[in-house]
Amino acid sequence: MKKVKVKIPAKINLSLYVTGVKDGYHTLSSVVASINVYNKITAKVAHKNSVKFSGVKINGESNAEKALNAFTSVTNKSASVKITSKIPVGQGLGSSSADIAGTLKALDMLYKKPCNIEKIANELGSDTAYMLKGGFARISGRGEIVESLFVKDTIYLLIVTDGGKIGAKECYKKYDEITSVFSEDVSFNYLLNGETEKFLEKSQNDLYIPATKINNRVKDNLERLKGFGYSLMTGSGSAVFSAFLDKKQRDKAYKKLKKIFKKNIIKAQTI
């Protein structure tokens with residue numbers, strides 16, 4: 001095999017609780033799900049490593065380059081990688097982790113499983129091991145503990161992405177400046193019991209307040225979504241979303257919100 005193509009979906013944080021600090025990292029409990037927005041990765045056998053991008057501008061060494069170089073250091077195998085990015089960057093939708101996971105997955109297929117790519121993924125990012133598998137899951141620890149979940153419901157989403165970029169490190173730093181109190185996950189058991197709507201109703205994102213201190217547009221956007229489904233911020237922001245269990249209700253809301261957010265609103269669903 002000389003060439004492989006893979007698709008890696010974006011993720012949405014349907015809840016996010018900061019539960020403590022361990023070994024210098026914040027610990028969390030977060031229910032995440034893959035959605036039908038993708039980055040596409042193509043990998044070819046090559047004599048030296050190279051990475052090209054389409055659809056996104058990268059400054060400095062990209063996450064795909066880090067993943068490729070880490071893979072090469074373990075296996076002594078090189079490749080040419082192309083990333084076609086559709087996942088908005090810096091929005092809490094997993095674009096960076098998708099580049100890492102997608103690159104590693106493509107290389108794993110290209111060279112027929114020459115190493116443990118999950119180990120490399122965990123070394124390069126907190127939630128990249130989850131991105132290798134996707135689906136519904138609860139992630140905990142610093143993001144490296146992944147518990148796959150069965151959720152019978154499809155969750156339909158409207159995602160607003162015009163809040164600008166917010167870095168996760170910056171957001172956690174602001175969180176520490178605001179509070180030293182940590183949370184208990186109060187919504188997860190509803191999901192386990194099959195009460196998806198109750199789960200959405202009770203869910204929260206502990207990084208929302210610090211994100212609004214960095215960029216007040218996050219708050220403005222979420223306020224505009226209220227009254228349309230269950231509204232929350234994903235990850236460390238800046239994207240916010242409304243969640244629906246009825247597709248027709250989501251589509252009806254989309255027609256109204258499209259007039260407000262124009263090209264900065266994405267219609268998606270869990271997969």
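**Rings, charges and a helix pair**

Let's start with F182, which is partly exposed, with a relative accessible area of 35%. Before I go on, please keep in mind that this is a predicted model.

So who is F182 paired with? Its partner is Y175: the two ring centres lie 6.4 Å apart and the planes meet at 20°, so this pair counts as stacked. The cut-off for stacked is under 30 degrees between the planes. And is Y175 buried or exposed? Y175 is buried, at a relative accessible area of 3%.

Over the ring of Y38 you'll find the charged end of K7, 4.2 Å from the ring centre. Y25 has a charge over its ring too: here the charged end belongs to R142, and the distance to the centre is 5.2 Å.

Now, on to the helices. Please find α2, residues 95-110, and α3, residues 117-124. How do these two pack? Their axes are 10 Å apart, at an angle of about 160°, which means α2 runs roughly antiparallel to α3. The crossing of α2 past α3 is right-handed.

And which residues make the contact? On the α2 side, look for I100, L104, K105 and D108. On the α3 side, they are I117, I120, A121 and L124.

Methods
Residues are numbered from 1 along each chain as its sequence is written. This is a predicted model: local features need pLDDT of at least 70, side-chain atom pairs count only at pLDDT 80 or more; totals for chains, interfaces and linings use all residues. Side-chain values use heavy atoms; hydrogens and water are left out. Rings of Phe, Tyr and Trp (its six-membered ring) pair if their centres lie within 6.5 Å; planes under 30 degrees apart count as stacked, over 60 as edge-to-face and the rest as tilted. Buried means under 20% relative accessible area, exposed over 50%, partly exposed in between (1.4 Å probe, protein chains only). A charge sits over a ring if NZ of Lys or CZ of Arg is within 6 Å of the ring centre and within 35 degrees of the ring normal. Axes are lines fitted to C-alpha atoms, for helices over the stretch in contact, and angles run from 0 to 180 degrees between N-to-C directions. Helices (H or I, at least four residues) and strands (E, at least two) are DSSP runs, numbered from the N terminus. Angles under 35 degrees count as roughly parallel, over 145 as roughly antiparallel, 65 to 115 as roughly perpendicular and the rest as oblique. A crossing is left-handed if the near helix is turned anticlockwise from the far one by less than a right angle, and right-handed if clockwise. Contact means heavy atoms within 4.5 Å.
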